[in-house]
Amino acid sequence: MLIIILIIASLLLIGWLLLLGRVAKEDWVHAVHAKIYDNRYAIKKLHAKSNKSSRRLAGYFGAIQSLVEKSTHDSITKNIIRLEKDVADLQIGNIKCINIFLMPGYVLQREFVAIGKGEIHKLILTRCYEMHGKKYATCKAKKLLAQILSLPLIGIACILILGVIILGVSGSTIGMSVIAIGLMLMLTLVYAMYDELNDLVKKRRKAISKQFPNVVSKLALLVTSGMIMERAWKETAYSQETELYKEMQKTSEELDNLVSPESAYSNFINRCNTKESAKLASAIMQNLSKGNAEIGKLLKDMAREAWQERRHTAKRDAEKANSKLMIPTMLLFLAILVMLMVPIAMNFSGI
C-alpha cells in the first residue's frame, strides 16, 4: 500500500514538474495580464476604501481624527505603492510576483483543446465576462482554470507524501485518515474556487435587479422632461457608483467613442445578463428612431412594473426569512421549556 501511494504521489509530482518545464511565453503573458488586472482592481478598491474612511472620519474632531486618519491613510498608501510597484515591474518584464504554482495549469489549457476550450472553460469565461468585462474575461478565466487544474496536482501529491510518512511512523489508521481528510479538503477547495465565482455573479445580478427600479424611474423622469435619451443615460449613469450604474457608465463611454448604439446596448445586455437590463436596452434600441415621446411612455410603464416586482421580491424575501427563523425559534422554545420543567421536576422528586 505504501509503495502504491508513493508511486502515485511521485507520478503527480513529476507530471507537475514536467508541465512547469513546458511553460511558454504565451502562458506567462496570460498570467501577467491577469496579475496586472488583479493589482489594478485592488488599487481601485483601496482608493474607494480610503475615500469611504475619509467620509466616515469627517464626524470626528481634533487629535482623534488626525490619529485615526493618519494610521488608516498610511496603511492604505503602503499597499497602493506596493501594488503599483508590482504593476510597473510586470510591465517591464519582471515576473517575480507571478505565482509559479499556477503555471502548469496554463500549459494544460494550451496543449489540450478539450481543457482550454471545453465546456468548463466556456462556462467560466461567461461568468468572467459578466464580472470583469470583455477585455479581461479571457485572462481571468484562464487564471481561474489554471488554479483548478494546477493546485490539485501539487496539493494531492503533497498530501499523499505526508500520508506515507505518517503511515510509516504512526500506523495505517492515522495515515489513511490524514490522506482521506486531505483529499476531501482539496476537492472542497477546488469546488470552492469555482463556486465563489458563481456566488459573486449571483450577488451581482441580484444587486443589478435591486437597483433597476431607481435607474428606470430616473431615466423616465429625465426623458419625459425633454432630455434626449443618450444624455439622460449619461446623467443617470454618473449619479451613483454601484453595479448597474457602472455598467451604464461603460455603455456611455462606448457611445462617446463612436461605438454604434446597437453594439453599445448589446454589450450592456451581455455584461448585466439580467432580464430587467435586457428589457431596458432592447426598448431603447427599438425606439431609437421613434423619438422621446414613445420611449418616455415605455420607461414609465417599465418603472411601474419594476417597482411592483420590487415589492413582490421584498415579500418573498421576508417569507424566506420567516421560514429560516422557524428552526431557531423552535430550538429557543424547547430550551426555555426545559429550563422551566427541570426545576419543577426536581421539586416534585424532592417531595
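Analyst: Let's begin with L258, which sits in the loop between α10 (243-256) and α11. This is a predicted model, in which local features need pLDDT of at least 70 and side-chain atom pairs count only at pLDDT 80 or more, while totals for chains, interfaces and linings use all residues. Residues are numbered from 1 along each chain as its sequence is written, and side-chain values use heavy atoms, leaving out hydrogens and water.

User: What makes L258 count as buried or exposed?

Analyst: Its relative accessibility is 77%. Buried means under 20% relative accessible area, exposed means over 50%, and partly exposed is in between (1.4 Å probe, protein chains only). Since 77% is over 50%, L258 is exposed. L258 also has a positive phi, about 70 degrees, although it is not a glycine.

User: Which label does N273 get, and why?

Analyst: N273 has a relative accessible area of 38%. That value falls between 20% and 50%, so N273 is partly exposed. You'll find N273 in the loop between α11 and α12. Its phi is positive too, at about 55 degrees, although N273 is not a glycine.

User: How do you know what counts as a helix, and how many are there?

Analyst: Helices (H or I, at least four residues) and strands (E, at least two) are DSSP runs, numbered from the N terminus. By that rule the chain has 13 helices and zero strands. Of its 351 residues, 34% count as buried.

User: Why is helix α4 described as largely enclosed?

Analyst: Helix α4 covers residues 103-111, and seven of its nine residues are buried, so the rest of the structure largely encloses it. The buried residues are M103, P104, G105, Y106, V107, L108 and Q109.

User: Why are α8 and α12 called roughly parallel?

Analyst: Let's look at the angle. The axes of helix α8 (residues 172-224) and helix α12 (residues 275-286) cross at roughly 20 degrees and come within 9 Å. These axes are lines fitted to C-alpha atoms, for helices over the stretch in contact, and angles run from 0 to 180 degrees between N-to-C directions. Under 35 degrees counts as roughly parallel, over 145 as roughly antiparallel, 65 to 115 as roughly perpendicular and the rest as oblique. The two helices are therefore roughly parallel.

User: Which residues make that contact?

Analyst: From α8 come S209, F212, V216 and L219, and from α12 come E276, S277 and L280. Contact here means heavy atoms within 4.5 Å. The residues divide into four nonpolar, two polar and one charged. For those classes, Ala, Val, Leu, Ile, Met, Phe, Trp, Tyr, Cys and Pro are nonpolar, Asp, Glu, Lys and Arg are charged, and the others, Gly among them, are polar.

User: What makes F212 buried or exposed?

Analyst: F212 has 5% relative accessibility, which is under 20%, so F212 is buried. Leaving aside neighbours within four places in sequence, F212 is in contact with L244, E276, S277, L280, M302 and A306. The C-alpha atoms of F212 and L280 are separated by 9.4 Å, although these residues are 68 residues apart along the chain.

User: Why is the W233 and Y265 pair called edge-to-face?

Analyst: Rings of Phe, Tyr and Trp (its six-membered ring) pair if their centres lie within 6.5 Å; planes under 30 degrees apart are stacked, over 60 edge-to-face and the rest tilted. By this rule there are five aromatic pairs. W233 and Y265 are 5.2 Å centre to centre, with 80 degrees between the planes, hence edge-to-face. W233 lies in helix α9 (residues 229-237) and Y265 in helix α11 (residues 261-272), so the pair ties together parts 32 residues apart in sequence. W233 is buried, at 0% relative accessible area, and Y265 is buried too, at 2%. Elsewhere, Y37, Y41 and Y136 form one aromatic cluster.

User: How do the labels of K44 and K85 come about?

Analyst: K44, in helix α2 (residues 25-57), counts as exposed at 57% relative accessibility. K85, in helix α3 (residues 62-91), counts as partly exposed at 48%.
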